[in-house]
Amino acid sequence: MNLQNISQNKVAGGWHKQYQHDAKSVNCRMQFAIFLPAKASEKNKVPVLYWLSGLTCDDQNFMQKAGAFKKATELGIVIVVADTSPRGEGVPDDENATYDFGLGAGFYVNATQPPWNKHYQMYDYITQELPALIEAHFPVSTQKSISGHSMGGHGALTIGLKNQQAYQSISAFSPICNPINSPWGKKALGQYLGNEQSDWLAYDASELLKKGSNLPILVDQGEADQFLTEQLKPEVLAKIAKENNLNLQLRLQPGYDHSYFFISSFIDDHLTFHAEYLL
């Protein structure tokens, strides 16, 4: 497994730590961050919230900007933040070095198209390899929930909906709700999965929600978000949930944009929401 602790900081009575490990699913060395509240111990294993970040981010954006540690300590929840794509020598990137595809933009899918399919298996990494590693090496229970922002909100919704037996709850900030009709989604899914658009449906939260959901879902969306109309389309998700009488709450927050200022304003609400189902 070659799990290597590369940094640690005490915060809010617990510990923020970064690790690297050799990941088989994505065929490269990966990095993740974990917050361990003081309540977590081998005698008191606690549940986990997995956080998936957005385009251009890595394991540190949420940890440094969200302000989640005090509430996570109070509730007794571990937070695990994955990287947003495979990285390193030999991992392909967009030849035009754009921010919305390639490195930092794995979209939490299993790529089927070369050259991306050798490394860009982020769906398997998030759903299988990373949780197995966390449960084997840290004082956590098997109870887990999932959340994320933007591209990571898309990942949290799709992964949660496709694996409802594995998670207790789902939440998202500013998620890409209908990527098959979003410029970001069309670009990424088209290159990772190919031109057959029927293959994209398995990674579209709105399409997946049509099949039903047993999980509670909380979505926060800033009304001043510059990507709201063209890229995010939460109204599509909300309409499907309403038509099917599903447990999804969409909160439109006046004045808030797409940034971590928005996330930090409501992260305590999301942690409390997940705690209701995790604890």
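Tutor: Contact means heavy atoms within 4.5 Å. This is a predicted model, where local features need pLDDT of at least 70, side-chain atom pairs count only at pLDDT 80 or more, and totals for chains, interfaces and linings use all residues. Residues are numbered from 1 along each chain as its sequence is written, and side-chain values use heavy atoms, with hydrogens and water left out.

Student: Which residues does Gln 231 touch, not counting residues up to four places away in sequence?

Tutor: Gln 231 has its place in helix H7; helices (H or I, at least four residues) are DSSP runs, numbered from the N terminus. With those up to four places away in sequence not counted, the residues that Gln 231 touches are Ile 176, Ser 182, Pro 183 and Trp 184.

Student: Is Gln 231 buried or exposed?

Tutor: Buried means under 20% relative accessible area and exposed over 50%, with partly exposed in between (1.4 Å probe, protein chains only). The relative accessible area of Gln 231 is 6%, so Gln 231 is buried.

Student: Which side chain does a polar contact of 2.7 Å join to that of Gln 231?

Tutor: A polar contact is a pair of N or O atoms within 3.5 Å; within protein, one must be able to donate a hydrogen and the other to accept it, and residues adjacent in sequence count only if both atoms are side-chain atoms. At 2.7 Å, the partner of Gln 231 is the side chain of Ser 182.

Student: Against which helix do the buried residues of H5 pack?

Tutor: Helix H5 covers residues 183-193, and its buried residues include Trp 184, Leu 189 and Tyr 192. They pack against helix H7 (228-232).

Note on methods:
Helix = DSSP H or I, 4+ residues; strand = E, 2+ residues; numbered from the N terminus.
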